[in-house]
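Visitor: I have a structure open here and would like to go through it piece by piece. Could you walk me through it?

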Amino acid sequence: MLVACVSKGERVDEALKLLHKLEFPSQTITLLEKIAANLPGMIFQFRQQADGSQVVLYVSSGCRALSELEPEVIQADWQILYQLIYPLDRSKFKKSLAVAFTTLKPWCWEGRIMTPSGKLKWIQGACQLEPQANGDILCNGLVIDITNRKQTEEKLRASEARYQAILDAIPDLMFRLSRDGEYLDLKGDGINLTLIKEEIVGKNMRDLLPSDMALIGQETIAKTLDAGTLQTCEYQLPTPIGIRDYEARLVVSGSDEVLAIVRDITERKQAETSLRNLAQKFSKAFSCSPDPITISTLKEGRFIEVNDSFIQLSGYGQDEVIGHTAFDLKIWVNEGDRSQLLQHLQTKGAIRNLEFVFRRKSGEILTTLLSADVIDLDGVPCILAINHDITARKQAEAQMRLAAQRDRLLTETLVRIRSSLNLEQILQTTVSEVRQFLQADRVFIGLNDCQVKAKTVAESLDPQYPSVLGWTTDDKSYIQELKTIFSTHRVRVVEDVTQITVSPKLQAHYQQFQTRATLAVPIMLGEELFGALVANQCSGPRHWQSIEIDLLQRLSEQLAIAIQQAQLYQELAELNTNLERQVEERTAQLQQKMQELEKLQQVKDVVLHTVAHDLRTTVMGNLMVLKNLLENGGVGEKSSALPLCPSTASAPLPESSYPASSPIPVPSSIIERMIQGNDRQLAMINSLLEIHCCMEQGVVLHPQPVNLNILLERIIPELQPLLWQNQATLENLVSEDLPLVITDPSQLQTVLLTLFIYSLQHNPPGLKFSLNATVVEKMMRIQIEHNGLAMSKLDSDRLFDLYVRDPQAPCSTILGLKMYLCRQIIQAHGGEIGVISNRKQGLTFWFTLSVAS
């Protein structure tokens, strides 16, 4: 029952009264546990002893969801609950407890807590206080979470305040009316009413309004309720201050009731009547004037009246102008002109013959001289404006300026052609100046080259339209169509491309480059069509003037001269270029031969050095061993018989030359050295063969995506015997999450082994190696670092080069060849390789490989 009471939204104190009525004994903890398991809150039992100490006897498991604390924690120290209480609510909490324990009345408190996770909650707590025989006070209570309820209440209060503010802000009368016309309520604060509220509410419209008005109101209410939409009606009522005009708007506000919002529109009606009178008063004066005359409001610029001359000049109808502003009709070409007009009126009171440009309905631009005064019409400031059309005069002046600009442009183009051989510069300057002169969206020059292709070579363009520069076509039928057009009409004038019939290809060209009007003049070289000078209007249709057509015709003649001049210069330049190219080709061939000779010389030096040094040393060692065997008879602890057979000599000897006893005992150490010498000689020969193969065919790779760690797991065990032999250690620092690399595993193994062998052979025992890898810009950088001997800058720079090494050099010839092969392998992978000498000690070998995408 307690669970049901709380879950239904009852207050906590009511639930506790129910608990108290059931007279549960405080020792029945098991029963409380069962209740608390289903209760959305925390049940507690608290004892305040006679000496003032407090003991928490029981806390239900609901405290976890409520306070994020365990029951045992609260039972151990109930003050931890007090620490959760929001600081501003603690005093009220203390006061409520003090009153409850003083009066022994039921305790009830609402407040906020801050849980350990930072959540702010509203809680409600209540308990019954039971005095005990020994002076103790036993408290049985319940605490529940009321956060959702508090949030809902706050939202409701905010919503009520918002709607009340909206209602208070409406200055109109508001009535609630039933279907039969009874006034249910009204709101009219601050509005002068003939009757008070009590005299209206409860009455019917038929009791307060004239019969005809009541009938109209009844019909409007019925229509609103039946249609469910907003209904509006206007009416007049007699008042103590005269007849007033009203407008009523009705909306459905409930079952069989409407809300009527009533506004006094008397002033508006009066203004409309005054304006009609004013129109009649001045209509004759307006109609007699040959100049356009307008009357518009000063504040908004809304037209009140215009004469017939204005209608004819603007192209708008009377009903299109009255009640609208010049901005609505887009008459102002420059919207800032009206601000300038108002500024002049404010400073001077009137203006005379101020020049402005206006736009007709057709889009045609007119220039007028405007004279205006400020007048007052029934208290409304207005502008009386008279316009005198001077468009024809301005066009004549513009034609004169255009003619002067055309002559200047022609003169400058002629001078430029005679003083320059740079055809590209001449063409580009021409299209730029022509577009500036024509104020067109695009001007370009297209040429027809010797390969029967049409191509755009120069263009001046408004950035908001697509560029035709670089456009080319080798469609012979399309080129022939263009040639036919220009041969038939030496000047192609199209004011609107949508009004002409063209081929699908030409129509597609117009659509692709948003061409709306075009003016094209051919560039003729004799009787041959070499190209065209074209002007496009992309923003809309355009009327091309005769002076503009004449300019393009004259410029095309000058461009033909420039092109012919450039052709002659180009032929001369080509002859000169051919001569220079032949010289460069001969020079390049000689340089290539010199490079080949240098490479052959380099290889020869390496081979000669190898043969002269390593092979000679090995042969001398073999001779010393043989002489020792002959002189000492092969004495040694561990010996073997070395037969002297004819195959060991370069040429057979006579049988009498052989010793009597063929087998000679030879120490095994000598034989081992002979084997080592032969091994070195074989390795050197193999390296020379590999270098020769690289030079002739390049490094042969079989690249594939490879996991570096898996490859190292295979390579490192092969290195271990060599590391143990030299008392060296290797620390693998390569990360497990590196991406795959593109490499040839066998070639990469060769590089790694060579670098380790080089380091071990050129350092004392006990080296410490570290192997690491990082990824930088889609390349993996692999580093091998040791703590051995450093290296000079010169040796570091040429360690991987192919060069003849000094006999005392730190790197032997065989190992030097292998280092050179390492560079060839890495470069074949598209990477780099190098060595860095550390400041304190040791070297860092590095190389890069591509990361798999």
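Visitor: Let's start with a pair of strands: how many bridges join β6 to β10, and do they run parallel or antiparallel?

Guide: Bear in mind that this is a predicted model. Strand β6, residues 173-178, is joined to strand β10, residues 257-264, by six bridges, and the two run antiparallel. To place one of those residues, Leu-177 has Val-258 as its bridge partner in β10.

Visitor: And what kind of sheet does that pair sit in, in which strand order?

Guide: The sheet is open and has five strands, in the order β7-β6-β10-β9-β8, with antiparallel pairing. Strands β7 (183-187) and β8 (231-239) each have a single partner strand, so they stand at the edges, with one side of each left without a neighbour in the sheet. From one strand to the next the twist averages 25 degrees.

Visitor: Which helix packs on that sheet, and which strands does it touch?

Guide: That is helix α11, residues 211-227, which touches β6, β8, β9 (242-254) and β10, and its direction makes about 160 degrees with that of β8.

Visitor: Staying with β8 for a moment, how is it connected to β9?

Guide: The two are joined by a hairpin through two residues. Nine bridges link β8 to β9 in an antiparallel arrangement, and within that pairing Cys-233 has Ala-248 of β9 as its bridge partner.

Visitor: Now helices against helices. At what angle do α22 and α23 pack, and how far apart are their axes?

Guide: Helix α22 (residues 708-725) and helix α23 (residues 745-761) pack at an angle of about 35 degrees, and their axes are 11 Å apart. Their crossing is right-handed.

Visitor: Which residues make that contact?

Guide: On the α22 side they include Leu-708, Leu-711, Leu-712, Arg-714, Ile-715 and Glu-718, while α23 contributes, among them, Pro-745, Leu-748, Gln-749, Leu-752 and Phe-756. Taken by class, the residues of the contact divide into 14 nonpolar, one polar and two charged.

Visitor: I have Gly-301 selected. Where is it in the chain, and is it buried or exposed?

Guide: Gly-301 is placed in the loop between β11 (293-297) and β12 (303-306). Its relative accessibility is 6%, so Gly-301 counts as buried, the cut-off for that class being under 20%.

Visitor: What is Gly-301 in contact with, beyond its neighbours within four places in sequence?

Guide: Apart from those neighbours, Gly-301 is in contact with Ser-296, His-324, Thr-325, Ala-326 and Arg-338.

Visitor: Towards the end of my list are β29 and β30. How many residues are there between them in the hairpin?

Guide: There are five residues between them, and Gly-842, in the turn, has a positive phi of about 85 degrees. Strand β29 (residues 833-837) is joined to strand β30 (residues 843-850) by five bridges, running antiparallel, and Ser-837 has Leu-843 as its bridge partner in β30.

Visitor: Last one: how many helices and strands does the protein chain come to?

Guide: The secondary structure comes to 25 helices and 30 strands, and of the 853 residues in the protein chain, 38% are buried.

Terms used
Residues numbered from 1 in each chain as written. Predicted model: local features only at pLDDT ≥ 70, side-chain atom pairs only at ≥ 80, totals over all residues. Heavy atoms only, no water. Pairing = 2+ DSSP bridges. Helix = DSSP H or I, 4+ residues; strand = E, 2+ residues; numbered from the N terminus. Axes fitted to C-alpha atoms, helices over the stretch in contact; angles between N-to-C directions. Contact = heavy atoms within 4.5 Å. Buried < 20%, exposed > 50% of the residue type's maximum accessible area, 1.4 Å probe, protein only. Left-handed = near helix turned anticlockwise from the far one by under 90°. Nonpolar A, V, L, I, M, F, W, Y, C, P; charged D, E, K, R; others polar.
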